[in-house]
Amino acid sequence: MPIDWIARARAEQRNALDERASKELLAAYGVMVPRSQVVRGPEDAAAAARVLTPPFVVKVMSPDILHKSDAGGVIVNLQDAQELAAAIHSMRALPAIAAVAVDGYLIEEMAPPGIEIVVGGVRDANFGPLVMVGLGGILVEVLKDVSFRICPIAKIDAEEMLAELKGAAILQGVRGRKPASQSAIVEVLLKIGGENGLLLEHAADIKEADINPLIVSESGAVAVDARFILS
Ligand code: ADP
Ligand code: MG
């Protein structure tokens, strides 16, 4: 039996799934997530490094920190257990992190490089769950280049969602960058917003879903950050 992360969050009176729980929920729907371990501190770095393949990423886990990078709570490209331990050690000492309740540190493998996009969901009072896709980084924050559909979507809808992004050409690979696998994105959109997708199956519980970023390479897509807000 997989862990019911939604029930567990509710029992702990949390209104959101943490990053590990969010990713396990995604994985249960077939969305690729990095292999990971949760540790308490630098003393656990060696054990985690033994079961994962470098390079590693370390991230702070705290219900009080929404934007981990802003707090200094994400360090990428760590090559071995020693670098990992040192990273957790220095992260833990940062004022923004020392001041809040920390659940632990999430150690992950790095996703293969690719184009960062955003996939999400919101629940509309009238239409129920909507699925969203957008281009990553400043394109989503400033240009708001996103497209939405009412769930459930079919393959053709997912393809249209991508085609109607203003920056769709970025996915073809510009300025010598490799293209992003369009079919990998379509698959993720269907797993989230399709007929038996995550959003519809958990419509009563999930108010908002956010995968930011989904890193899309030529051959696949990995959700490297995720968060689900419960109703
Ligand atoms: P934040 O809470 O700041 O959004 P993220 O988990 O999204 O934190 O990490 C910040 C950035 O670090 C991501 O946008 C991505 O570029 C990079 N990153 C995080 N995790 C990974 C990973 N496992 N593999 C590759 N890059 C990663
Ligand atoms: Mg993020």
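Student: How many salt bridges does the count come to by the rule?

Tutor: A salt bridge is a side-chain nitrogen of Lys or Arg within 4 Å of a carboxyl oxygen of Asp or Glu. By this rule, the count here comes to 15. Please note that this is a predicted model, in which local features need pLDDT of at least 70 and side-chain atom pairs count only at pLDDT 80 or more, while totals for chains, interfaces and linings use all residues. Residues are numbered from 1 along each chain as its sequence is written, chains are lettered from A and ligands numbered from 1 in the order in which they are written, and side-chain values use heavy atoms, with hydrogens and water left out.

Student: Which residue does E19 form a salt bridge with, and where do the two lie?

Tutor: Helices (H or I, at least four residues) and strands (E, at least two) are DSSP runs, numbered from the N terminus. E19 pairs with K23, their closest N and O atoms being 2.7 Å apart. Because the two are four residues apart in helix α2 (residues 19–28), about one helical turn separates them. E19 also meets K59 in a salt bridge of 2.9 Å, N to O. K59 lies in strand β3 (residues 56–61), so this pair ties together parts that are 40 residues apart in sequence. Salt bridges that share partners join E19, K23, K59, K68, E108 and D225 into one network.

Student: Are E19 and K59 buried or exposed?

Tutor: Buried means under 20% relative accessible area, exposed over 50%, and partly exposed in between (1.4 Å probe, protein chains only). Both E19 and K59 are buried, and K23 is buried as well.

Student: What can be said of the salt bridge between D103 and R14?

Tutor: Their side chains meet at 2.9 Å, N to O. D103 lies in the loop between α5 (95–98) and β5 (104–109), and R14 in the loop between α1 (5–11) and β1 (16–17), so the pair ties together parts 89 residues apart in sequence. D103 is partly exposed, at 38% relative accessible area, and R14 is partly exposed at 28%.

Student: Which protein donors does the magnesium ion (ligand 2) have?

Tutor: Donors are N, O and S atoms within 2.8 Å of the metal (3.2 Å for Na, K and Ca); water is not among the atoms, so sites may look incomplete. Here the protein donors are N212 (O) and D225 (OD), lying 2.2 to 2.3 Å from the ion. N212 is in strand β9 (residues 206–216), and D225 is in the loop between β10 (221–223) and β11 (226–230). N212 counts as partly exposed, at 27% relative accessibility.
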